[in-house]
Every structure is written in structure tokens, then in C-alpha cells.
Amino acid sequence: MYDDNNIFAKILRGDIPCKKIYEDAHALAFHDISPQAPVHVLVIPKDKAISFSDFSTLGAGKVGNFFAAVGQVVKELKLEEGGYRLIANTGMNGGQEVPHFHVHILAGKRLGRMVAQQ
Ligand code: AMP
């Protein structure tokens, strides 16, 4: 069940502020409040979806529009040349904290191993 009171739902409603980078009819991108790299941006769809698989059930058009927005942010921030990483944490094992589907864009330094070795 989607929780309308999750923090990204509140940001989408304008109930709490964000440092906006990009917005269109389908998606909103803003700086992560606790950056893990010199560039750490979150892109969220405007639809109510918890996970990527949830979101994908809304159809190819929505998915396409969302990832077009991700690509637009990458372009606007000029991340192509240096490279970047997209992450979508999902559920408990994925370490998802906010239950609204989102993609992290990380860049600005060598990001190291894809998965922490413990
Ligand atoms: P995840 O673990 O993939 O669910 O990531 C959630 C991300 O949201 C974390 O990187 C948090 O730092 C970030 N975050 C939480 N609250 C806010 C907020 N109010 N504005 C911007 N980013 C936030």
C-alpha cells in the first residue's frame, strides 16, 4: 500500500521544500539532503509507486517519460563525460528508506565498488 505521507509524496505536494533541479509533467529531480558523492540527485516520478516493478505496471509510456527525465538531468548536469551511476534501492535488501520509487544519480568522483564488501 502506497503511503501518501512518505517524504517524497510531501515534496511532490509542496508540503516540504526541496532543492529542485528539474521538473516536467512526469518527474521531479532534486538534490539529496545527505549527499554521498559530489553530485547526488534524486529523480522521482509523479505517480504513486513504491518500487520499480510497481511503477512498471503503469505502462511503457510512464516508464519512458520518467527515464527521459533522468536522461535530461544527466544532460543538464553535464555528467556524460565524467560518468555517473544510477541506483534504485528497493525493499529491505535493497536498503530503500523512502517508499516512493526513485533513482539516485551519483557522480563527481570515482564511486568505487558497486556493492560494499563486508
Ligand atoms: P533510499 O535509501 O534509496 O530510499 O534513499 C532515500 C534518499 O532520500 C536518501 O539518500 C536520503 O538522504 C534522501 N532524503 C530523505 N529525505 C530527503 C529530503 N527531505 N530531501 C532530499 N533528500 C532526502
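## Pockets and ligand at a glance

The largest pocket has a volume of about 490 Å³, where a volume is the space filled by probe spheres set on grid points joined across faces, edges and corners. A pocket here is an open set of points, on a 1 Å grid over the protein atoms alone, with protein on both sides within 12 Å along at least five of seven lines. The model is predicted, so to speak of local features a pLDDT of at least 70 is needed, side-chain atom pairs count only at pLDDT 80 or more, and totals for chains, interfaces and linings use all residues. Residues are numbered from 1 along each chain as its sequence is written, and side-chain values use heavy atoms, with hydrogens and water left out.

**The largest pocket**

- The ligand takes up the space of this largest pocket (more than half of a molecule's atoms must lie within 2 Å of the pocket's grid points).
- Its lining counts 22 residues, with Phe8, Asp32, Ile33, Ser34 and Leu42 nearest the centre; a lining residue has an atom within 4 Å of a point.
- Two or more lining residues come from each of α1, β2 and β3 (39–45), where helices (H or I, at least four residues) and strands (E, at least two) are DSSP runs numbered from the N terminus.
- With three residues, α1 gives the most to this lining.
- By class, the lining holds ten nonpolar, nine polar and three charged residues; Ala, Val, Leu, Ile, Met, Phe, Trp, Tyr, Cys and Pro count as nonpolar, Asp, Glu, Lys and Arg as charged, and the others, Gly among them, as polar.

**Around the ligand**

- The shell has 16 residues, and Asp32, Glu97, Val98, His102 and His104 come nearest (a near residue has a heavy atom within 4 Å).
- The protein covers 86% of the 510 Å² of accessible area that the ligand has on its own (Shrake-Rupley method, 1.4 Å probe).
- α1 (7–13) and β2 (27–31) each give two or more residues to the shell, and α1 has the largest share, three residues.
- Seven nonpolar, seven polar and two charged residues make up the shell.

**The second largest pocket**

- About 280 Å³ of space lies here.
- Among its lining residues are Arg85, Asn89, His104 and Met114.
- β4 (84–87) and β5 (103–107) each give two or more residues to this lining.
- The lining has seven nonpolar, four polar and one charged residues.

Definitions and conventions
1 Å grid on protein atoms, 1.4 Å probe; cavity = no way out; pocket = protein on both sides within 12 Å on 5 of 7 lines; lining within 4 Å.
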